[in-house]
Amino acid sequence: MGAARIAAMAHRVTLIPGDGIGPELAEATRRVLDASGVQFEWEVVDAGEATIASHGTPLPDEVLDSIRRNGVALKGPITTPVGSGFRSVNVTLRQALGLYANLRPARSMNGVQSRYDDIDLIIVRENTEDLYAGIEHMVGRDAAESIKIITRAASERIARFAFEYAVANGRRKVTAVHKANIMKLSDGLFLEACRTVAAGYEGRIEFEDRIVDNMCMQLVQKPDLYDVLVLPNLYGDIVSDLAAGLVGGLGVAPGANIGESGAVFEAVHGSAPKYAGQNKANPTALMLSGALMLRHLGYPEAAAGVEAAIRDVIAEGKRVTYDLGGSAGTSEFADAVIDRLAVGAGAPA
Ligand code: NAD
């Protein structure tokens, strides 16, 4: 069965093309989502380098207003200007919209070279506090201090998100990752909050905890032992890149930033300026982020269809981008995924 029209009402979604390779990837992803059977009305708003010149800021108010109005955004990567005085758009967006959960699935794909072929991990990273709270200062001239903030409320909220995700997606186990043996108060509080939340899911979702250094080693040696991981901000940032590396790298790592009243879906990778405008970069990560968006909007079948079509095209290996050993451009890869959606994933090509 091809992609059927499954939604009568068009979903209004904010589309931020972004910088560097962003616009090409966003266009490829928009075309695939339009072919998924769900109807979209795209509200395109600019953020990043272009708006520094036109608006004097990389994050104009109209971008935040648009996401607040629509509740959902698909975002291309944005270059963080070094030393320009502007804060990272990505960090500002997460804080301004209260996007407290960073969801980063890592799943092996046939046709993507990696050490393992059976990885299926979900990384849930707390997105608002920890060392990313941005509270740091010099102590005299030769020392600097960064403050690590961990609260019970934010820790329980992210643990609940991880357990609810596990329940909703048929996962078996949640592992809390921490360094409570050394940071007894801050990471100790995170672990305690996870244990409190875990008690409410006893008998349904298994719970365990791991110290972060041991977790990294275990993920490299025995990734199949793990399922959903929940982590404070900094460990989440690092461990999710490790997990992306386990399944073949940045080109295929999707992500979502989710809050109470909004969600922004984006690839883990950045704007790769050296490939900008060349129709060369791999749009898989943003397309898979688009599939996460479909699931978030309540279309699990359309999401599974897009994921399967991407997997089929990559497994076949004929119309893939340079990083996957092919010679297709960004838009040809999108054409291949759309062709696959039309015949139905899983069917012979
Ligand atoms: P990057 O992810 O942009 O690129 C690193 C390298 O990875 C590239 O040179 C390329 O070889 C490869 N790569 C990345 N994405 C690819 C894709 N889709 N297809 C094929 N190859 C791909 O990392 P960087 O060079 O460190 O960062 C560039 C800019 O992006 C910086 O300004 C950084 O701040 C920004 N950034 C933005 C986000 C975001 O918007 N969420 C995330 C990370 C980095």
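Let's start in a loop: alanine 272 sits between strand E12 (263-267) and helix H9 (284-296). Before I go on, please keep in mind that this is a predicted model. Alanine 272 has a positive phi of about 30°, although it is not a glycine. Most residues other than glycine have a negative phi. With a relative accessibility of 29%, alanine 272 counts as partly exposed.

The loop between E12 and H9 also holds asparagine 279. What is phi of asparagine 279 near? Phi here is near 50°, again a positive value in a residue other than glycine. Asparagine 279 is partly exposed too, at 30% relative accessible area.

Now let's step back to the domains. Domain 1 is made of 1-106 + 247-349, and domain 2 covers 129-246. Taken over C-alpha atoms, the centres of domain 1 and domain 2 are 26 Å apart. Their contact draws 14 residues from domain 1 and 13 residues from domain 2. About 1100 Å² is buried between the two, and carbon and sulfur atoms give 63% of that area.

We find 7 residue pairs in polar contact between domain 1 and domain 2, both at pLDDT 80 or more. Strand E4 (residues 101-107) gives the most to the side of domain 1 that touches domain 2, with 4 residues. The number of salt bridges across the interface is 2.

Is each partner buried or exposed, or in between? Arginine 104 is buried, with a relative accessible area of 11%, while aspartate 237 is partly exposed at 22%.

Another arginine to find on your screens is arginine 125, in strand E5. Arginine 125 has 3% relative accessibility and counts as buried. Its side chain makes a polar contact of 2.8 Å with the side chain of asparagine 233. Leaving aside neighbours within four places in sequence, the contacts of arginine 125 include Tyr100, Arg104, Leu231 and Asp237.

E5 (residues 120-126) and E10 run parallel and are joined by 4 bridges, with valine 124 standing opposite valine 230. Strand E8 (residues 173-178) is parallel to E10 as well, and 3 bridges join them. Here threonine 175 stands opposite leucine 229.

Because glutamate 208 lies in strand E9 (residues 206-211) and lysine 173 in strand E8, the pair ties together parts 35 residues apart in sequence. Both partners are buried, glutamate 208 at 15% and lysine 173 at 6%. Salt bridges that share partners also join Arg12, Glu41, Glu43 and Arg69 into one network.

Lysine 148 and aspartate 187 form another salt bridge, at 2.8 Å from N to O. Lysine 148 is in the loop between strand E7 (144-146) and helix H5 (152-168), and aspartate 187 is in helix H6 (residues 186-199), 39 residues apart. Aspartate 187 is buried, with a relative accessible area of 0%.

I'll finish with phenylalanine 333, in helix H11 (residues 330-343). Phenylalanine 333 is buried, at a relative accessible area of 0%. Beyond its neighbours within four places in sequence, phenylalanine 333 touches residues including Met287, Ile310, Val313 and Ile314. Glutamate 202 is 131 residues away along the chain, and 44 Å separate the two C-alpha atoms.

Notes. Residues numbered from 1 in each chain as written. Predicted model: local features only at pLDDT ≥ 70, side-chain atom pairs only at ≥ 80, totals over all residues. Heavy atoms only, no water. Pairing = 2+ DSSP bridges. Helix = DSSP H or I, 4+ residues; strand = E, 2+ residues; numbered from the N terminus. Domains from an automatic or database assignment. Contact = heavy atoms within 4.5 Å. Buried area = accessible area lost by both parts, 1.4 Å probe. Salt bridge = Lys/Arg side-chain N within 4 Å of Asp/Glu carboxyl O. Polar contact = N/O pair within 3.5 Å; in protein donor to acceptor, adjacent residues only side chain to side chain. Buried < 20%, exposed > 50% of the residue type's maximum accessible area, 1.4 Å probe, protein only.
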